[in-house]
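This briefing covers core packing, strand pairing and a surface patch in a predicted model. The points below are grouped by topic.

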Amino acid sequence: MERPTIFLSSTVFDFADLRSALKDYLELKGCRVQASEFTDFERPLDAHSYDACLKAIEQADLFVLLIGRRTGGMFDEPNQISITRAEFRHAYALAQQGRIKILCFVRSDVWDHRQSVRDLEKSLQKDHTLSDERREELVYHPSIAMDKPKPIISFIDEVARNAETAAAAKAMGKPPLANWIWPFATFTQIRQAIDPLILNGLSVAGASGRKALEEQLYLLLQKVLPRLRDGAIDPVNLVLNLRKTLSLKTDVLRDRVAIEEHTWNRFVSGPAYLAMPR
């Protein structure tokens, strides 16, 4: 990827600052970033904004999903499928075709609250005085951690795909793709996960410069390193062989070391030293 294209998928209002910071960081790295609150991709006047977002995903190399406390706008109201979840499903279908890579992040407090909800659910199941409706109302009550716990937890479970993983372990299906989830609390944690996927953390210009430098060093070493039997001599081996011949220890290096003339000649001549019987 000379200039990777990255699609940022999340609810906008609770991730506004993070999305803006991530967009700036990735663009400084030479990436092209698609985010719905910016004019980063085409918005046909005869298409719905949701459809435009789904279409834009098809042009991306990397789909970055951020799950937080808000559910966001609904793509499928009866089934409580948010537009963010619909974007993930579209990206997952593309990932199955090998057309995109997916990276998923969940806010740490949301991740922890998900487990708290499950613990509460198990506890309330023991209370037989509660109706199913009342039990669900208590378990999935809105809070600071999640505005609508049920669809958010269901979304996280869909990304994790634990049931599919368990079935695959029993040879009852294929293991799922892209089911890694990174809980995060800081921007640095997101950056550290994305960096290896975009030119090993280098900008496009930096990666190009490194490659050019590698090529120049290779050509230079071809001219200056001695060769033996059509292969360049590794200077590290020369030093290691000298250390072995002289039985050098670290403490000896503090003093002067006497080297016999024939040993020194073999060392500085390179090929002769490597060729000597050992």
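**Surface patch**

L217 has a relative accessible area of 43%, so it counts as partly exposed. Helix α9 (residues 204-224) contains L217.

- Together with L213 and L220, L217 makes up a nonpolar patch on the surface.
- The accessible area of L213, L217 and L220 together is about 280 Å².

**Nonpolar cores**

- The largest nonpolar core has 31 residues, and the members that touch the most others are I57, F63, L65, I67, F88, I102 and V159.
- At least two residues of this core come from each of α2 (49-57), β3 (62-67), α3 (83-96), β6 (101-107), α4 (108-124) and α6 (149-160).
- Helix α6 supplies the largest share of this core, with six residues.
- Beyond its neighbours within four places in sequence, F88 has contacts with F63, L65, I102, C104, F155, E158, V159 and R161.
- Another core, of 20 residues, lies apart from the largest one and includes L8, L18, V64 and I190.
- As a general background, nonpolar side chains in soluble globular proteins tend to be buried together.

**Strand β6 and its partners**

- Strand β6 is largely enclosed by the rest of the structure, because five of its seven residues are buried.
- β3 and β6 run parallel and are joined by six bridges.
- For R107, the bridge partner in β7 is F184.

Technical notes
Residues numbered from 1 in each chain as written. Predicted model: local features only at pLDDT ≥ 70, side-chain atom pairs only at ≥ 80, totals over all residues. Heavy atoms only, no water. Core = buried A, V, L, I, M, F, W, Y, C linked by side-chain atoms within 4.5 Å. Buried < 20%, exposed > 50% of the residue type's maximum accessible area, 1.4 Å probe, protein only. Helix = DSSP H or I, 4+ residues; strand = E, 2+ residues; numbered from the N terminus. Contact = heavy atoms within 4.5 Å. Patch = residues over 30% accessible without salt bridge, like charges linked within 9 Å, V, L, I, M, F, W, Y side chains within 5 Å. Areas by Shrake-Rupley, 256 points an atom, 1.4 Å probe, with all protein chains shown as cover. Salt bridge = Lys/Arg side-chain N within 4 Å of Asp/Glu carboxyl O. Pairing = 2+ DSSP bridges.
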